[in-house]
Amino acid sequence: MDALSRRAAMLRDSLQRSQGNTDGMVAILGSFDHRLSALEAAMRPTQVRTHAIRTAHENIDRTIKAADGILSQFDLARRAEATILRGPHEDLESYLEAVDVLKGIVRFFSSNKNFKSSETVLNHVNNLLAKSTLKIEEEFKQLMSTYSKPIEPDRLFDCLPKSLRPTKGDHEADGGSHSDHPSKGLETAIYRTPTLVPPRVLPLMNDIAQQLVQAGNQQSCYKIYRDSRASALEMSLRKLGVEKLSKDDVQKMQWEALEAKIGNWIHFMRIAVKLLLAGERKICDQIFDGVNFNKGHCFAELTANSVITLFSFGDAVAKSKRSPEKLFVLLDMYEVMRELQPEIEEIFEGKPCTEMREAAASLTKRLAQTAQETFADFEEAVEKDASKTIVQDGTVHPLTSYVINYVKFLFDYQSTLKLLFQEFDSGTEAESQLAAVTTRIMQALQNNLDGKSKQYKDPALTYLFLMNNIHYMVRSVRRSEAKDILGDDWIQRHRRIVQQNANQYKRVAWAKVSGSSKSSMLTLSVQGAGSTGDLSSSGVSRAAIKERFKSFNAQFEELHAKQSQWIVPDQELRESLRLAVAEVLLPAYRSFIKRFGNLVENNKNPQKYVRYSPEAVDQLLGQFFEGQQWAEQKR
């Protein structure tokens with residue numbers, strides 16, 4: 001316990017000493033705090049002065065920078081003003097740069113209106129910009145006038161594929177009707193878009209358009225561009241030979257003149273769409289690229305008159321009186337409109353150009369309608385052709401050759417005709433429609449020929465006429481693309497008709513002559529006892545033989561006189577028909593002479609009866625169907 005008491009006493013002494021130390025420390029720190037507060041109070045005025053000096057320096061720096069900025073803007077304004085006052089003629093690019101600088105100055109002072117001189121500067125710069133806008137507008141007008149000249153036809157022709165370029169000096173004469181069907185194979189032809197405005201000028205025009213639109217002069221920009229380019233386009237077409245013609249103008253033209261005009265129109269349409277209109281669209285897009293400008297309406301307006309003029313002729317032809325010869329040019333016109341349809345859709349894209357696209361589609365449809373109606377008219381005209389023209393020699397009738405050539409020519413337009421049929425009946429296969437139409441035309445021709453054959457008084461010539469004409473139809477079909485459309489059945493059926501008419505001709509023309517020979521033999525075989533001597537002693541029989549020979553001579557000479565003037569134009573058919581006649585006539589005639597010739601040989605004038613040997617008859621048969629005059633043969 002004593003030890004524990006000693007330790008507790010020691011601990012109490014230590015705590016007392018520690019407390020004394022703590023109190024001493026607190027007293028020392030308290031004196032420090034008092035001194036620091038006194039020091040801080042002494043330094044506060046110095047800190048305030050230092051902060052004020054720093055703030056003043058910052059204000060001075062900002063002021064100097066602002067002054068530099070303002071001074072630089074004044075310097076820019078001074079230099080830009082000098083450029084603006086000089087005008088854009090000397091250096092347009094620098095002028096446009098100066099305008100951009102002035103716009104930058106306006107933005108600067110508009111965002112710093114607390115400067116005393118901001119309002120004055122803004123008024124001055126805006127006045128300069130107003131003057132510059134007027135000068136830029138004048139410059140735009142001048143540039144558009146300078147570079148909106150009509151293009152000479154020769155320059156346009158140089159942009160065409162070689163197959164469509166007219167030979168030197170003939171474009172006025174035939175306007176590009178360079179082939180019977182020039183559009184064949186043109187799908188891959190290359191057209192080079194002409195340079196309507198030099199490429200180096202386009203960026204400047206773009207800058208000017210941008211400046212004018214930003215300055216609020218969109219309408220003047222619109223009008224200047226539209227009027228300049230519209231005039232250039234219309235003049236280019238006029239120089240080319242495009243003219244506005246009405247239905248009445250077309251109706252008054254002779255066919256040859258109209259056909260030439262149509263050939264020109266087809267050529268002009270390709271040039272106008274693929275070269276001129278495509279070129280106009282290209283420069284319109286380039287000049288107004290990035291400009292907040294209604295270029296679609298502008299382009300539609302500047303091309304409107306030219307497109308109306310181009311389409312008016314096609315429309316006039318489509319509405320004019322129909323005639324068979326117009327079918328092929330109508331198909332040419334329809335074909336070129338179909339060919340140009342993708343380009344027209346691309347060039348006149350967008351809502352503002354809807355009217356142009358619809359006008360093109362309407363013309364295409366109208367041409368198709370007129371062509372189809374002309375087709376139907378032709379079919380009806382063939383069947384009802386009432387021409388009284390008789391081919392006296394029984395050869396191929398002009399109507400037959402006309403219709404067959406017409407049909408053969410139609411097959412040059414197979415792809416176009418199929419498109420045309422699908423315009424109105426897309427549910428039926430186009431090839432079957434073409435076959436049906438062709439079959440109807442051929443049947444109409446055959447019906448007409450049947451009627452014309454009845455005009456002949458000689459039945460033999462009737463059958464010869466039908467044989468010639470139907471053979472011509474068959475041969476022409478076999479040698480053309482119509483063979484694939486009409487088919488082998490049609491060919492075989494009509495070959496049988498040709499043979500039937502040939503057989504009928506032989507029966508009608510030669511029955512009398514060959515029948516007289518057989519009749520003689522039959523008569524003599526009944527009357528005679530069997531020997532030639534018995535016949536010779538019979539006066540009646542000898543007289544009958546003489547009469548038979550005289551009758552044969554007269555009839556054969558009559559047939560030769562007529563049928564040597566008749567014509568079978570196809571050599572193979574002619575030889576075949578002669579051979580068929582000879583196979584019937586010559587054996588009978590040889591037999592007749594062999595059996596009964598000696599009955600007249602002993603007469604004073606045997607040549608009076610046996611005028612022709614079988615060889616002579618055969619030779620004379622070789623003169624049949626050549627169209628020769630019997631009198632000429634005798635001479």
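**Exercise 1.** In this predicted model, determine which residues of H12 and H13 meet, and how the two helices are oriented.

*Solution.*
Step 1. On the H12 side, the contact is formed by Phe 375, Phe 378 and Val 382; on the H13 side, Leu 399, Tyr 402, Val 403, Tyr 406 and Leu 410 take part.
Step 2. Sorted by type, the residues of this contact comprise eight nonpolar, no polar and no charged.
Step 3. H12 spans residues 354–384 and H13 spans residues 398–410; their axes come within 12 Å and cross at roughly 155°.
Step 4. Because this angle is over 145 degrees, H12 is roughly antiparallel to H13.
Step 5. The crossing of H12 past H13 is left-handed.

**Exercise 2.** Classify the ring pair of Trp 510 and Phe 624, and state which parts of the chain the pair ties together.

*Solution.*
Step 1. The whole structure contains 23 aromatic pairs.
Step 2. In the pair of Trp 510 and Phe 624, the ring centres are 5.6 Å apart and the planes stand at 35°, so the pair is tilted.
Step 3. Trp 510 belongs to helix H17 (residues 482–527), while Phe 624 lies in the loop between H22 and helix H23 (630–634); the pair therefore ties together parts that are 114 residues apart in sequence.
Step 4. Both Trp 510 and Phe 624 are buried.
Step 5. Ring pairs link these two residues into a cluster whose members include Tyr 505, Phe 552 and Phe 556.

**Exercise 3.** Is Leu 620 buried or exposed?

*Solution.*
Step 1. Leu 620 is located in helix H22 (residues 614–621).
Step 2. The relative accessible area of Leu 620 is 13%. Buried means under 20%, so Leu 620 is buried.
Step 3. Leu 620 and Phe 556 are 64 residues apart in sequence, and their C-alpha atoms are 9.7 Å apart in space.

Notes:
Residues are numbered from 1 along each chain as its sequence is written. This is a predicted model: local features need pLDDT of at least 70, side-chain atom pairs count only at pLDDT 80 or more; totals for chains, interfaces and linings use all residues. Side-chain values use heavy atoms; hydrogens and water are left out. Axes are lines fitted to C-alpha atoms, for helices over the stretch in contact, and angles run from 0 to 180 degrees between N-to-C directions. Helices (H or I, at least four residues) and strands (E, at least two) are DSSP runs, numbered from the N terminus. Angles under 35 degrees count as roughly parallel, over 145 as roughly antiparallel, 65 to 115 as roughly perpendicular and the rest as oblique. A crossing is left-handed if the near helix is turned anticlockwise from the far one by less than a right angle, and right-handed if clockwise. Contact means heavy atoms within 4.5 Å. Ala, Val, Leu, Ile, Met, Phe, Trp, Tyr, Cys and Pro count as nonpolar, Asp, Glu, Lys and Arg as charged, and the others, Gly among them, as polar. Buried means under 20% relative accessible area, exposed over 50%, partly exposed in between (1.4 Å probe, protein chains only). Rings of Phe, Tyr and Trp (its six-membered ring) pair if their centres lie within 6.5 Å; planes under 30 degrees apart count as stacked, over 60 as edge-to-face and the rest as tilted.
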